[in-house]
Amino acid sequence: MKKMTFSKIYTSIIFLFLYIPIGVLIVNSFNASKSRTVWTGFTLDWYSKLFHNETIMTSLLNTLVVALIASVVATILGTAAAIGIYNMNSVARKFIMNITLIPNVNPEIVTGVSLMLLFVFLKMEFGFTTLILSHITFCVPYVILNVMPKLRQMNRNLCEAAMDLGCNQLQVFRKVIVPEIMPGILSGFLMSLTYSIDDFVISYFTYGASSQTLSITIFSMTRRKVSPEVNALSAIIFVVVLAILLIMNIVDIKKHEKEARR
Amino acid sequence: MEKKKLVELKNIVKEFNGEPVLRSINLDVHDNEFMTLLGPSGCGKTTTLRIIGGFATPDSGDVFFDGVRINDVPPHKRQVNTVFQKYALFPHLNVYENVAFALRLKKTPEREISMRVAEMLELVNLSGFEKRSVNYLSGGQQQRVAIARALISNPRVLLLDEPLGALDLKLRKEMQTELKALQQRTGITFVYVTHDQEEALTMSDTVVVMNGGIIQQIGTPQDIYNEPLNTFVATFIGESNILPGIMHRDFLAEFAGNNFACVDSGFAPMEPVNVVIRPEDISIVEAQEETINGVVRCVTFKGVHYEIIVEACSVDWIIHSTKAPEVGSVVGMTFTPQDIHIMHRYPDDAPAPLETVRKPEESADNP
């Protein structure tokens, strides 16, 4: 009994620590006063100012465009790569899977700096291209990691059955493999989307004047003073990311339910 | 009447990573035949099936279909369909769409598809299951969907790779009868792979016994059981007593220290042979002078019969009988000349030479 209450208190404290900062931020985004310590009344001014701030709106658009393009491309490349890796022999597969994982555990700052050096070396102008290329780079492994288990779960005979019933190679891919691994492709895409929107470190090293993303704009705005607009913006981002995560989890639960039925 | 050859395998050799899997397979599958490839796992039976289906290519040798060489024809262009080991139904499609799959690929009009699917589902007793997800079906039902899916494009040959392996005993027996009936009704040639000897004997017109990538014997279930060509076939199909012996002359064999009249002929005088006597062909009687007498070592209840081990002439004899003698008692054993089957003796379980594999009478009417 005593143990139960202790663990409950402990858990609550942990969650308070995790969520109080975000809570304070959201509350402050509705605070009429510019001060972060005094509550002078409820207002939506900061939100309206936010939507009229052109720098923020442009960078929001940039973020979304980059995220969308990067995740679509990464999903296509990652899915193709996963199928290729799946069809390798086991030694080659293990090797490739390991070097696929390394960029994920690599500190972001190292990835960011090395991408920047690469673009400088190639004499590429920093802008959308460099930004999108680097986002694709760090998204591809996530897609592979999501698609791979789906391929593993697939009955290998399915492809042969499809050929047996009259499919050529392309039809096997379209009519059997893609529907089978769709949940993996989808979660890989959503994960890429979240990581791309979320990214600051790598973007910081690879963006150009024309392609400033939200995270970079916020960073430069807070360098002087945290404006309440940033609070409002961060609150919105938090809610959006939360929504994406929820969708991902629901997709995941549905996926598991489907498997449990088999 | 000689039946038409539908599939011919000629000198098929196949290796995997340097391991020979098939060593010179020669096999004819006739029209409207229910043929079973029987053997222990790793004997090459599934590989043989995959070569007919087009999922594996032989390293050397030729595959003919209806007289045309099809070595390089991909699976989707062969008039052969397969029922896979674990059914391999498409989980993202319902029963109707699984069965309709082949017709959809051919861009068949929707009306014809629905007619054919209904017909197929009726054939396998699954009418009314159209909208069900295949993931909700029982093993037996999935099996039927797989058969309907394979039969819808009217194949000349249906290949079945251990299709009943995942089912429980009772369902397996039911499906055996159903499959046989289905084959007779549709007139489609079935090539069936199994390691279950009882399944092979129950369903087939022709049984092909394989071991170590070599065909050991081809024949009707009766031939295979009553006249095994070598020790492998004799022990793999049912239980047998195999005794070394000598064939003095036609119709007279010596084994277990005695001379016996038998019905076999065509052996060289004084040829060393193996003698096969099935356990159910030996009767236990009271010990007399003219019987083989021995001591009962062990009696095990097996349900339908008792398995009795009798030691006589320094060999253990296996006998199946519905009556159990007492352990330790002395009994006599008798059998008739028809119960004795004589086999040529080959060094170490080597297979019978290929020309003797098909029964002589059968190859005689081949032009």
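Let's start with one pair of residues: B:Val80 in chain B has B:Val157 of β7(B) as its bridge partner. Before I go on, a quick word on what we're looking at. This is a predicted model, where local features need pLDDT of at least 70 and side-chain atom pairs count only at pLDDT 80 or more, while totals for chains, interfaces and linings use all residues. Residues are numbered from 1 along each chain as its sequence is written, chains are lettered from A and ligands numbered from 1 in the order in which they are written, and side-chain values use heavy atoms, with hydrogens and water left out.

When I say helix or strand, I mean a DSSP run, numbered from the N terminus: H or I with at least four residues for helices, E with at least two for strands. And two strands pair if DSSP finds at least two bridges between them.

β6(B) and β7(B) are joined by four bridges, in the parallel sense. They belong to an open sheet of six strands in chain B, with the order β6-β7-β8-β3-β9-β10 and mixed pairing. Which strands stand at the edges? That's β6 (80-83) and β10 (214-219) of chain B; each has a single partner strand, so one side of each has no neighbour in the sheet. From one strand to the next, the twist averages 20°. For angles like this, axes are lines fitted to C-alpha atoms, for helices over the stretch in contact, and the angles run from 0 to 180 degrees between N-to-C directions.

Have a look at the side chains on β6(B). B:Val80 and B:Thr82 point one way, B:Asn81 and B:Val83 point the other way, and all are buried. Buried means under 20% relative accessible area, exposed means over 50%, and partly exposed is in between, with a 1.4 Å probe and protein chains only. In general, side chains in a regular strand alternate between the two faces of the sheet.

Elsewhere in this sheet, β3 (residues 34-38) and β9 (residues 206-211) of chain B run parallel, joined by four bridges. Across that pairing, B:Leu38 stands opposite B:Val209. Helix α1 (residues 45-53) of chain B packs on the sheet and touches β3, β6, β7, β8 and β9 of chain B; its direction makes about 150° with that of β7(B). Touching, or contact, means heavy atoms within 4.5 Å.

Now another sheet in chain B. It's open, with five strands in the order β15-β19-β16-β17-β18 and antiparallel pairing. Its edge strands are β15 (283-285) and β18 (315-321), each pairing on one side only. Neighbouring strands here are turned by 45° against each other on average, direction ignored. Inside it, β16 (residues 292-301) and β17 (residues 306-312) of chain B share six bridges, and B:Val299 sits opposite B:Ile308.

Next, β14(B). Why call this strand largely enclosed by the rest of the structure? Because six of the seven residues of β14 (residues 271-277) of chain B are buried. Seven bridges tie it to β11 (residues 241-249) of chain B, running antiparallel, with B:Met247 partnered by B:Glu271. β14(B) also pairs with β20 (residues 341-344) of chain B, antiparallel over four bridges, and there B:Val276 stands opposite B:His341.

Two single residues, quickly. B:Lys180 is in helix α5 (residues 169-186) of chain B. Is B:Lys180 buried or exposed? It's buried, at a relative accessible area of 16%. Leaving aside neighbours within four places in sequence, B:Lys180 is in contact with B:Phe34, B:Met203, B:Ser204 and B:Asp205. B:Arg104, in helix α2 (residues 95-105) of chain B, counts as partly exposed at 31% relative accessibility.

Last stop, chain A. Helix α3 (residues 54-86) and helix α8 (residues 169-198) of chain A have axes that come within 8 Å and cross at roughly 140°. That makes α3(A) and α8(A) oblique to each other: under 35 degrees counts as roughly parallel, over 145 as roughly antiparallel, 65 to 115 as roughly perpendicular, and the rest as oblique. By contrast, α3(A) and α10 (residues 214-222) of chain A cross at roughly 150°, and are therefore roughly antiparallel. That contact involves A:Thr55, A:Ile56, A:Ser59, A:Leu60 and A:Thr63 of α3(A), with A:Leu214, A:Thr217 and A:Met221 of α10(A).

That's my tour, thanks!
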